[in-house]
Amino acid sequence: MSRPRLRLIHGPTPIVRRPALDALTGVELWIKRDDAIAGAEAGNKLRKLEMLLGDAVAQGKRAVVTCGGLQSNHARATAIVCAELGLRAELLLRVPDPEAARQTPPPATGNLLLDRLVGAGIQWVSPDEYRQRVGLLEQAARRLEDDGLPAYIVPEGGSNGLGALGYFEAMREVREQMDLGLTAPGPFDVVAHACGSGGTAAGVLLGAEAFAIAREVRAFAVCDDAPTFERVIGQIVTEARAHLAGEAPSGDHVRLVVDDSAKGPAYAVQSDDQRAFLVEVARRSGLVLDPVYTGKALYGVAQAVSRGAIPRGARVLFIHTGGLPGLLAQADELAPALGRVR
Ligand SMILES: Cc1ncc(COP(=O)(O)O)c(C=O)c1O
């Protein structure tokens, strides 16, 4: 591909087995460790940022504007990579009460700690304002330009056609690993992952088709509902296909299922069962999931097996998309599930 791309990830991420989790989930579980893709900036966003910030640098931009929730992994990854590249990062972060946040900033924990550590600029925005985020990002970019810093806008989650190509390339990486015999022979039955803004799902779907990775992509929504994500993912797939041109797969042999049954009580809030599952996974296997994305998605896999939506014993490639700082920001919420100190 001739499009500009940065090298931000530390080589192909491993695909590992944790046999203790087969019993817990009911499937033959293979885990693609995109949580181990880099250092503090790790997680799925880095694959998208290779494309998006590659474009920003090629265009001579000197600042990057993006947005997300207060504990956004995407905003944190963007802020860290911008510090590495010498770009200014401006983050629009959603908080319940921006005026209160301007008086007393929210505690710098988890992702926010890292945002502040690397010196990102932060604007607090209310949930209502956040609905108009496209306009707010443009305004922020214009302000930076007025200060002499040409700014590049990265949409929420890095989820547009260009960003999605990061996961198209990730599936090429999985194909190479399959060909090297690093997984069981033959395609997977399902690729499963958490879905928050749709870009990962779009890239995985196109790549799963192009490189014959699996028969089904199951994207576990952590917010919104299945019809909303089907529409969003469809739009991103169309944009990504335009970037891929001749490389784009033609058929639609891979089934996309947006599964919104494991969202839990609300975005970033887990049910007691989900919390207990996350603790059980860590204790049985040493695999550390996060409460906002990956914990819900793997819980969703187990639930889908229980209700017959994924056949018991199916071979599943679970993409661990990262999110560790979000776990570290939820110490209070997790405390009851940890039990007594042993
Ligand atoms: C850790 C983690 N996993 C999964 C996702 C979902 O990816 P996407 O936004 O591409 O749907 C995100 C971001 O939203 C994330 O931070």
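Visitor: What makes strand β8 count as largely enclosed by the rest of the structure?

Guide: Please keep in mind throughout that this is a predicted model. A residue is called buried if 20 or more other C-beta atoms lie within 10 Å of its own. Six of the eight residues of β8, which spans residues 214-221, are buried, so the strand is largely enclosed by the rest of the structure.

Visitor: Which strand pairs with β8, and in what sense?

Guide: The partner is β7, and the two strands run in the parallel sense over seven bridges. Pairing asks for at least two bridges between the strands, and seven bridges are found here, so β7 and β8 count as paired. One of the residues involved is V191, whose bridge partner in β8 is V217.

Visitor: How do you know which residues V191 touches?

Guide: Two residues are in contact if their C-beta atoms lie within 7 Å. Leaving out residues up to four places away in sequence, V191 touches V204, A208, I213, A214, V217, L317 and I319, so V217 is a contact of V191 as well as its bridge partner.

Visitor: Which residues have the most contacts inside the largest nonpolar core?

Guide: They are V64, V191, L205, A208, V217, V316 and F318, in a core of 101 residues. Helix α8 gives the most to this core, with nine residues, and the core draws at least three residues from each of domain 1 and domain 2. As a general background, nonpolar side chains in soluble globular proteins tend to be buried together.

Visitor: What makes up the shell around the ligand?

Guide: The ligand is surrounded by 20 residues, and the closest are N73, G196, T200, T321 and G323. The elements that give two or more residues to the shell are α3 (73-85), β7 (188-195) and α9 (199-210), with α9 giving the most, three residues. By class, the shell has four nonpolar, 15 polar and one charged residues, and it draws at least three residues from each of domain 1 and domain 2.

Visitor: How do you know that strand β4 is mostly covered?

Guide: Six of the seven residues of β4, residues 88-94, are buried. β4 pairs with strand β3 (residues 63-69) in the parallel sense over seven bridges, and G69 stands opposite R94 in β4.

Visitor: What makes helix α14 hardly covered?

Guide: The count of buried residues among the eight residues of α14, 331-338, is zero. After α14 comes G339, whose phi is positive, near 75°.

Visitor: Why is A276 called partly exposed?

Guide: A residue with 20 or more neighbours is buried and one with 12 or fewer is exposed, with partly exposed in between. A276 has 14 C-beta neighbours inside 10 Å, so it counts as partly exposed. A276 is found in helix α11, residues 272-285, and its C-alpha atom is separated by 10.0 Å from that of Y299, 23 residues apart along the chain.

Visitor: What is the phi of A212, and what is that of D224?

Guide: Most residues other than glycine have a negative phi. A212 has a positive phi of about 50° although it is not a glycine, and D224 has a positive phi of about 55°, again without being a glycine. A212 sits in the loop between α9 and β8, while D224 sits in the loop between β8 and α10. With 16 other C-beta atoms within 10 Å, A212 is partly exposed, and D224, with 18 C-beta neighbours inside 10 Å, counts as partly exposed too.

Definitions and conventions: Residues numbered from 1 in each chain as written. Predicted model: local features only at pLDDT ≥ 70, side-chain atom pairs only at ≥ 80, totals over all residues. Core = buried A, V, L, I, M, F, W, Y, C linked by C-beta atoms within 7 Å. Helix = DSSP H or I, 4+ residues; strand = E, 2+ residues; numbered from the N terminus. Domains from an automatic or database assignment. Near = placed C-beta within 6 Å. Nonpolar A, V, L, I, M, F, W, Y, C, P; charged D, E, K, R; others polar.
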